[in-house]
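Reader: I am new to this structure and would like a close look at one part of it. Please show it first.

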Amino acid sequence: MKIAIDIMSGDFAPNENILGVKKYLNNSKSNNSKVVLIGDKSVLLKNENLIQKHKNRYTFHYSSQLVLDDDRPSRLIKTKPDSSIIKGLTLLKRKEVD
């Protein structure tokens with residue numbers, strides 16, 4: 001199973017999202033799955049040391065746009081196609097993640 005995680009969204013993002021991925025990868029029950037982390041390149045690379053021991057179980061997909069509170073959800077595909085949420089949905093549509 002390939003799980004996509006948008007690390008740029010949610011409360012206390014991106015740090016809490018990356019710590020959650022670390023906890024998941026450290027869990028022995030998760031050994032058969034891989035994680036795709038989607039977010040800003042500098043944020044992902046800065047925090048890679050937290051999950052580096054699981055290097056064969058995760059990949060990065062970089063995004064360059066942030067969704068802000070005043071962005072209209074119905075317009076995101078057109079206005080922010082390189083945001084982490086749209087990248088994640090695109091990976092799901094292409095069946096690259098589960």
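Which residue forms a salt bridge with Lys 55, and how far apart are the closest N and O atoms?

Author: This is a predicted model, in which local features need pLDDT of at least 70 and side-chain atom pairs count only at pLDDT 80 or more, while totals for chains, interfaces and linings use all residues. Residues are numbered from 1 along each chain as its sequence is written, and side-chain values use heavy atoms, with hydrogens and water left out.

The partner of Lys 55 is Glu 48, and their closest N and O atoms are 2.9 Å apart. A salt bridge here is a side-chain nitrogen of Lys or Arg within 4 Å of a carboxyl oxygen of Asp or Glu. Lys 55 counts as partly exposed because its relative accessibility is 47%, whereas Glu 48, at 14%, counts as buried. The cut-offs are under 20% relative accessible area for buried and over 50% for exposed, with partly exposed in between (1.4 Å probe, protein chains only).

The structure holds 4 salt bridges. One of them joins the side chains of Asp 71 and Lys 80, again with 2.9 Å from N to O. Lys 80 is buried, with a relative accessible area of 15%. Another links Arg 94 to Glu 96, where the closest N and O atoms are 4.0 Å apart. Arg 94 counts as exposed at 56% relative accessibility, and Glu 96 is partly exposed at 36%.
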